[in-house]
Amino acid sequence: MSRRRTLSTKKKLALLVSAASVAGGGAFVMASTSNAAQSAADSTVCQGLATALGNNQRFIEGQRANPDAQSAARIANREAVIAQIQRQQEASGCEVGESAQGSQAAQPSEPAAPGDGGGAAASGEQVCNGSTVTLSGEGGAPAASSNQFPAGTKLKVTNLDNNKSTTVEVTSVSGSCVLLNNAAFEQVREPGKFLIRRAVIEKVG
C-alpha cells in the first residue's frame with residue numbers, strides 16, 4: 001500500500017504565509033513601478049507647463065524692453081495666457097507659477113543662430129535645430145509664433161516620439177524659434193505631455 005504524506009496544520013499555515021508574502025511582494029513591486037511611471041509623467045507635464053510659462057514671460061519682457069504700437073495688446077494677451085497656464089498647473093498638481101525657459105529658447109532680439117536657418121531658410125530646410133517645442137497657450141485655429149520667422153511663414157513640426165506632424169503658419173512673435181498654440185500642439189502632442197523634446201521643424205511653402 002502506498003502511504004500518503006499529510007502536512008500538519010502548522011506546516012500548511014507556514015506555506016500559506018510564505019505564498020502570501022511572495023504575492024504581496026510582487027504587488028508591492030508592481031505598485032512601486034506604477035507610482036514611478038506616474039511620477040515621471042507628472043514631472044513631464046509640470047516641466048512642459050513651466051517652460052510654456054517661461055516662454056510667455058520672456059516674450060512680455062522683450063515687449064516691455066522694446067515696445068511698439070502693438071506691445072500693450074500683445075502683453076495683455078500673453079498675461080491672459082499666463083493665467084490660463086497657471087490654472088493648468090494647479091489642475092495638474094504642479095507648483096503654480098513655476099517658470100522655466102526652454103534650453104534652446106533665444107531672446108526675441110537675437111538673430112538666428114548659424115545653421116538654424118532663420119527667416120532666409122529655403123523651403124524644405126530643417127530649422128530650429130535642437131529646439132524643444134512647447135505651447136504658447138493661445139487659442140484659435142492651429143498656428144505658431146516665432147522669434148526667427150516673420151508672419152506668414154509656414155513651418156512643419158514633426159514629433160519624433162509619435163511621428164505626428166502638423167503644418168502651421170507663423171502669426172505672431174514669441175521668445176522661441178517656434179511655439180505652437182493649443183490647437184496646433186494638440187495635433188502632435190503625446191497624451192498628458194506639454195513638451196516635445198524630439199522634434200523636426202522644417203520650413204515649407
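Helices (H or I, at least four residues) and strands (E, at least two) are taken as DSSP runs, numbered from the N terminus. On that basis, leucine 195 belongs to strand S7, residues 195-196. The model is predicted: local features need pLDDT of at least 70, side-chain atom pairs count only at pLDDT 80 or more, and totals for chains, interfaces and linings use all residues. Residues are numbered from 1 along each chain as its sequence is written, and side-chain values use heavy atoms, with hydrogens and water left out.

The chain contains three helices and eight strands. Their order along the sequence is α-α-β-β-β-β-β-β-α-β-β. Of its 205 residues, 36% are buried, where buried means under 20% relative accessible area, exposed over 50%, and partly exposed in between (1.4 Å probe, protein chains only). A contact requires heavy atoms within 4.5 Å. Among contacts with a separation of 6 or more, 76% join residues 24 or more positions apart.

In soluble globular proteins, nonpolar side chains tend to be buried together. A nonpolar core is defined here as a set of buried Ala, Val, Leu, Ile, Met, Phe, Trp, Tyr and Cys residues joined through side-chain atoms within 4.5 Å. The largest such core has 31 residues. Those with the most contacts inside it are Cys128, Val133, Phe149, Leu155, Val178, Leu180 and Ile201. Two or more residues come from each of helix H1 (9-65), helix H2 (71-91), strand S2 (133-135), strand S4 (154-159), strand S5 (164-173), helix H3 (182-188) and strand S8 (199-204). H1 gives the most, with six residues.

Not counting residues up to four places away in sequence, leucine 180 touches Val133, Thr134, Leu135, Ser136, Gly137, Ala143, Ala144, Val157, Val168, Phe185 and Val188. Leucine 135 is part of strand S2. Leucine 135 counts as buried because its relative accessibility is 5%. With neighbours within four places in sequence set aside, leucine 135 contacts Ala52, Leu180, Asn182, Phe185 and Phe194. The C-alpha atoms of leucine 135 and phenylalanine 194 are 7.0 Å apart, although 59 residues separate them along the chain. Leucine 195 has a relative accessible area of 8% and is therefore buried. Leucine 195 and glycine 48 are 147 residues apart in sequence, yet their C-alpha atoms are 4.6 Å apart. Contacts of leucine 195 beyond four places in sequence are Gln47, Gly48, Thr51, Thr132, Val133, Thr134 and Phe185.

Aromatic rings were examined next. Rings of Phe, Tyr and Trp (its six-membered ring) pair if their centres lie within 6.5 Å; planes under 30 degrees apart count as stacked, over 60 as edge-to-face and the rest as tilted. The structure holds zero aromatic pairs. A charge sits over a ring if NZ of Lys or CZ of Arg is within 6 Å of the ring centre and within 35 degrees of the ring normal. Arginine 189 lies over the face of phenylalanine 194, 4.5 Å from the ring centre.

Disulfides are pairs of cysteine sulfur atoms within 2.5 Å. The count comes to two. In sequence order of the bonded cysteines, the pairing is 1-2, 3-4. Cysteine 46 is buried at 15% relative accessibility, and cysteine 94 is buried at 8%.

Cysteine 128 and cysteine 177 form a disulfide, with sulfur atoms 1.7 Å apart. Cysteine 128 lies in the loop between S1 and S2 and cysteine 177 in the loop between S5 and strand S6 (179-180), so the pair ties together parts 49 residues apart in sequence. The S-S torsion of cysteine 128 and cysteine 177 is about -65°, so this disulfide is also left-handed. Cysteine 128 is buried at 3% relative accessibility, and cysteine 177 at 4%.

Most residues other than glycine have a negative phi. Cysteine 128 has a positive phi of about 55° although it is not a glycine. Asparagine 163 has a positive phi near 60°. Asparagine 163 lies in the loop between S4 and S5 and counts as exposed, at 62% relative accessibility.
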